[in-house]
Amino acid sequence: MARIDARDVFQMVNILDGIVTVVASTHAMPMAPTLGAVAASQAALAAACLCPRCSFVGPTITSAPTAEAQVALTFDDGPNEALTPRILDILARYGAKASFFCIGARARQWPGLVRRAAMAGHSIENHSWRHSPRFALLGSHKLAREIDDTQDLLADLCDRPPAYFRAPAGFRNPWLAPLLAERALRYAAWSHRGFDTLDPVPARILRRVTHHIQPGAILLLHDGRNARDRQGRPVIDTVLPSLLQRLAARGLRAVDLPTLLGNTAPVERLSMRSRA
């Protein structure tokens with residue numbers, strides 16, 4: 001049986017909602033129940049887009065079955081002139097690897113940090129060009145540009161294109177998945193999220209990213225911005241060393257996504273814009 005495309009579902013629901021509304025208005029049907037039903041269906045569609053780890057709008061990686069004692073460490077929203085170097089220093093101190101989901105505009109501003117992370121053996125992945133809060137509302141053309149501009153820049157900086165994409169805040173729509181498939185990009189979410197941009201208490205962040213942690217987990221932290229603790233320091237200064245120590249105590253190794261998912265073979269470099 002052919003897989004139902006989420007785009008078709010969205011379009012069908014919107015068409016049916018429109019038909020129901022028109023019929024109700026032209027046949028003197030009670031509008032309150034009609035509008036309630038339409039609102040409920042639209043809310044369901046919105047919920048699907050606002051669920052970062054749901055697979056309804058497209059294939060989603062949240063963890064990986066693995067026989068290896070390893071977890072993937074990922075950082076979003078960088079590079080950042082102050083935070084990214086600190087994180088790279090801590091990772092080097094503990095011999096850990098990570099994946100950095102970079103915002104294209106920030107990578108253009110701080111290309112040396114992207115190159116430094118890549119040269120240290122970390123993977124550089126795609127996190128859109130602008131990190132727009134309206135990302136999930138964009139149509140195919142604008143989504144493609146967000147992906148392609150970032151993909152081309154990061155490929156130029158690192159001599160290999162990213163293999164994974166993550167939407168801003170994890171919010172997306174059904175038009176994203178086909179664009180990723182055309183570009184051989186896989187969508188990566190997470191299993192554990194620290195909320196380190198919001199929570200100023202390192203102990204709580206550490207508890208979230210280690211709760212029931214198992215091999216194959218994907219952890220989400222941030223190098224683009226961080227909450228500050230009571231002393232005014234970025235919480236990552238405390239969280240990351242403690243996290244790496246706790247992983248080691250449990251016999252787990254922090255790796256990047258390609259290592260966790262077994263995708264370590266070189267990827268042919270392509271200009272994404274040339275495929276349009």
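In this predicted model, helices α5 and α6 pack with their axes 9 Å apart and at an angle of about 60 degrees, where axes are lines fitted to C-alpha atoms, for helices over the stretch in contact, and angles run from 0 to 180 degrees between N-to-C directions. Helices (H or I, at least four residues) and strands (E, at least two) are DSSP runs, numbered from the N terminus. Since angles under 35 degrees count as roughly parallel, over 145 as roughly antiparallel, 65 to 115 as roughly perpendicular and the rest as oblique, α5 and α6 are therefore oblique to each other. The crossing in which α5 passes α6 is right-handed, a crossing being right-handed if the near helix is turned clockwise from the far one by less than a right angle, and left-handed if anticlockwise. On the α5 side the contact (heavy atoms within 4.5 Å) is made by P111, V114, R115 and A118, and on the α6 side by L154, L157 and C158. These residues divide into six nonpolar, no polar and one charged, with Ala, Val, Leu, Ile, Met, Phe, Trp, Tyr, Cys and Pro counted as nonpolar, Asp, Glu, Lys and Arg as charged, and the others, Gly among them, as polar.

Helix α5 also holds L113, which counts as buried because its relative accessibility is 14%; buried means under 20% relative accessible area, exposed over 50%, and partly exposed in between, with a 1.4 Å probe and protein chains only. Leaving out residues up to four places away in sequence, L113 touches P79, N80, E81, T84, P85 and L88. The C-alpha atom of N80, 33 residues from L113 along the chain, is separated from that of L113 by 8.1 Å.

Within α8, V209 counts as buried because its relative accessibility is 0%. Residues up to four places away in sequence aside, V209 touches H192, R193, G194, L219, L220, L221 and L243, and its C-alpha atom is separated by 5.8 Å from that of R193, 16 residues away along the chain.

Beyond its neighbours within four places in sequence, F75 is in contact with I87, L91, A98, S99, F100, F101, L221, H222, D223, I236 and L240.

Of the contacts with a separation of 6 or more, 77% join residues 24 or more positions apart.

Because this is a predicted model, local features need pLDDT of at least 70 and side-chain atom pairs count only at pLDDT 80 or more, while totals for chains, interfaces and linings use all residues. Residues are numbered from 1 along each chain as its sequence is written, and side-chain values use heavy atoms, with hydrogens and water left out.
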